[in-house]
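Q: Please show me how to read the features of a structure, one at a time.
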There are 2 protein chains.
Amino acid sequence: MKAVILLSGGLDSSTVLYQAIADGYNCHTISFDYQQRHRRELDSALAIAQKAGVVDQQVVKFDLRQWGGSALTDDAIELPQKRDLEEMSQSIPVTYVPARNTIFLSFALAYAETISAQCVYIGVNALDYSGYPDCRPDYIQAMQEVFRLGTKQGREGQSISIKTPLIQLKKTEIIQLGNKLGVPWELTWSCYQGDDVACGVCDSCRLRLAAFGELGLKDPLAYAK
Amino acid sequence: MKAVILLSGGLDSSTVLYQAIADGYNCHTISFDYQQRHRRELDSALAIAQKAGVVDQQVVKFDLRQWGGSALTDDAIELPQKRDLEEMSQSIPVTYVPARNTIFLSFALAYAETISAQCVYIGVNALDYSGYPDCRPDYIQAMQEVFRLGTKQGREGQSISIKTPLIQLKKTEIIQLGNKLGVPWELTWSCYQGDDVACGVCDSCRLRLAAFGELGLKDPLAYAK
């Protein structure tokens, strides 16, 4: 059995990769170089895939800066650093990249059909400060229909299924799951900045640190602050 | 009003661009350099967009050869040249590129949301020898749901709509429509080969020539045979 795993190098997608391995799949990872703010997370993705011993890893390159529209693809838009954690759950943040998951899942679908994989794993999460529209269950269900109707494999009754093992988990529960599966947290990268060590102050770092803290655990990643 | 138009440089997408202009939209075209067999159709797309006087034209680059899977992205798979026109409507051809329209529509969605466009035009066609799963109405309907649920704009009740003016037209009817709209056929490119003149013998050329012939019209494009 083969699976394609969307691997960004963050905490969530790394946990998903280890879940797919635990589920018994031969894992093929796909990562994206879309001219995001830094390549640091991409390096993390490659290191984790190697550590996990995947069958194959693909990096797809394109340039979302050509039209921008997000703090991650336009340097003129400032990264969020001081948002209230409660407020973060209410609105769609400036780090939202238009249609990013749709683009990612489309490439994953193309790759999965080409290698005759049974499923695609993605680490979306609908809870815990996720204002992103393309992380919610109804969106995933709509993409599942696209997977079924938009491919030869799907039309022949062998639809590639989308697996979202984290979609209803809290960040603390994801860390607990990752601990159980042996995810190498020290290789993962969540920080919006691409420095040598994680900044510890951006929204992404704070979310991660808060979850480790809540569990009474120490995040093994090095932080500047 | 703004629209994003998927423009490959072929007969269908060129007609769609002229339809979008006739519908009153400020047109932004998007074309793809995915390492297809030749760049000839891309040059045609740019020439047509310029001739039509579009507001902006984007070319998105990525490499579908990294996993292949189609006669258009893998030189080891031979191009179809002798298929019976009737047979062509029955099965999915080797020129099928896994998830291609899903990838194209995903980028069009990202671009459309970034520029706050109202719709995306695509020249899919469900009749006339189209064995492609991602050209059928049920697939387009599934993508429409993704457009609605996967974006900020869609979640706020301003969903970007997918327009498919050719979906139920025969090739001959598309040519009649294009004639009415003034599509510059001599700038379009349908041939699977990327030579100076169209080959006239590949399935794509034959389909085009048959349609012009059926209407008693002469295709203004130069052909080798």
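Q: How many residues of chain B are in contact with chain A?
A: Two residues are in contact if their C-beta atoms, placed from the backbone, lie within 7 Å. In this predicted model, local features need pLDDT of at least 70 and side-chain atom pairs count only at pLDDT 80 or more, while totals for chains, interfaces and linings use all residues. Residues are numbered from 1 along each chain as its sequence is written, and chains are lettered from A in the order in which they are written. Here 36 residues of chain B are in contact with 36 residues of chain A.

Q: Which element gives the largest share of the side of chain B that touches chain A?
A: Helices (H or I, at least four residues) and strands (E, at least two) are DSSP runs, numbered from the N terminus. H3(B) gives the largest share, 10 residues.

Q: What is the strand order of the open sheet in chain B?
A: Strands of a sheet pair through backbone hydrogen bonds, either parallel or antiparallel. Two strands count as paired if DSSP finds at least two bridges between them. The 5 strands in chain B follow the order S3-S2-S1-S4-S5, with parallel pairing. Strand S3 (56-61) and strand S5 (161-163) of chain B are the edge strands, each pairing on one side only.

Q: Over how many bridges do S1 and S2 of chain B pair?
A: Strand S1 (residues 2-6) and strand S2 (residues 26-33) of chain B pair over 5 bridges in the parallel sense. In this pairing, B:Ile5 stands opposite B:Thr29 in S2(B).
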